[in-house]
Amino acid sequence: MAGNSRTALYVAVLVVMFIIFVLIRELWQKGGKPLQNIPGVDFWAIGLLVVFLILVWYIHKKTTEPSSK
Amino acid sequence: MSSTEAESQPRKPLLTSRQLGLAAAFAAAAFAFRASGLVITLAPPLVIDLGALMPCLAGMAAGPIAGIIVGIARGIPSGLPQVDLVLQPVKGIYWAYVYKYVILRVKDPKKRWPVFWIVTWLLSFFVEAPLFIFANSLLGFYPFYPTWPFTLGWYHALYGVYEAVIFSVVIAALPSVFGWKEGKAPW
């Protein structure tokens, strides 16, 4: 049951995320690349990649480690 | 297996919580890179959008359905959503199967790396590039031939190398996420 509720939570998160994505596109970004020309854009991109890789690793760890109960 | 035995086994979910979680994380990354425009300079003025690599990585780590979800997330902020909403998920699908059934079939990790680099480059140049150039040609941006393989060939040749480098760095940093050490896809 715990697994089912976690799955439902992730599905809900995905749905909300996609709604937010569409809103960001429509209200701000409109298909453009607003931060492409900021100074040091390559470093910002690599930094963002590192942040997301840590998030990926954390989710992988949390969802694969054996339950303590 | 008898029907009674089949009924008594728990049904495998379409996506596990791990796959959904990774799909959410990679989708957020795919969207964030493209929506913000944070790019890595490839060969000025051409750039590489790390968001376009996320459907491939999601497919490798969490399977084709995760690849599709992430591909859609990458397509939403695109300048050409009619192209990216279709083709980015396609990348997630073929990368998932190529990774599981071709790359991870090579059991020796020392041999698997060069196979991975070659397959990445070949997929980039002979599958991804023609797909996107064909779609853009349908929109009237340029003719399919000679844009592929000649006019934009040098860019895609270089892009394939960068793609192989970034994939390798990510997999080397997180081998357990991609089942690299085990030689078995974790999905």
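In which helix of chain B is P149(B) found? P149(B) sits in helix α7 of chain B. The model is predicted. The predictor gives the complex an ipTM of 0.90 and a pTM of 0.92.

**Confidence**
- Chain B has an average pLDDT of 93.
- In chain B, 95% of the residues score at least 70.
- Where pLDDT is low, the predicted coordinates should not be read in detail.

**Contact between chains A and B**
- Chain A brings 34 residues into contact with 35 residues of chain B.
- On the side of chain A that touches chain B, α1 (2-29) and α2 (41-64) of chain A each supply at least two residues.
- The largest share of that side comes from α2(A), with 15 residues.
- By residue class, the side of chain A that touches chain B holds 21 nonpolar, nine polar and four charged residues.

**Helix α3 of chain B**
- Helix α3 of chain B spans residues 54-62.
- α3(B) is mostly covered, with nine of its nine residues buried.
- The buried residues start with M54(B), P55(B), C56(B), L57(B) and A58(B), and continue with G59(B), M60(B), A61(B) and A62(B).
- These buried residues pack against other helices of chain B, among them α2 (17-36), α4 (64-75) and α5 (81-103).
- The buried residues of α3(B) also pack against α8 (153-173) and α9 (175-178) of chain B.
- G63(B) follows α3(B) and has a positive phi, near 95 degrees.

- The peptide bond from Y145(B) to P146(B) is cis, and its omega is near 10 degrees.
- P146(B) lies in helix α7 of chain B, residues 144-151.
- W148(B) and P149(B) are joined by a cis peptide bond as well, with omega about 5 degrees.
- P149(B), too, is found in helix α7 of chain B.

**K30 of chain A**
- Where in chain A is K30(A) found? K30(A) belongs to the loop between α1 and α2 of chain A.
- K30(A) is not a glycine, yet its phi is positive, about 50 degrees.
- Is K30(A) buried or exposed? K30(A) counts as exposed because it has 12 C-beta neighbours inside 10 Å, and the cut-off for exposed is 12 or fewer.

Methods: Residues are numbered from 1 along each chain as its sequence is written. Chains are lettered from A and ligands numbered from 1 in the order in which they are written. This is a predicted model: local features need pLDDT of at least 70, side-chain atom pairs count only at pLDDT 80 or more; totals for chains, interfaces and linings use all residues. A residue is buried if 20 or more other C-beta atoms lie within 10 Å of its own, exposed if 12 or fewer, and partly exposed in between; C-beta atoms are placed from the backbone. Helices (H or I, at least four residues) and strands (E, at least two) are DSSP runs, numbered from the N terminus. Two residues are in contact if their C-beta atoms, placed from the backbone, lie within 7 Å. Ala, Val, Leu, Ile, Met, Phe, Trp, Tyr, Cys and Pro count as nonpolar, Asp, Glu, Lys and Arg as charged, and the others, Gly among them, as polar. pLDDT is the predictor's confidence in each residue, from 0 to 100.
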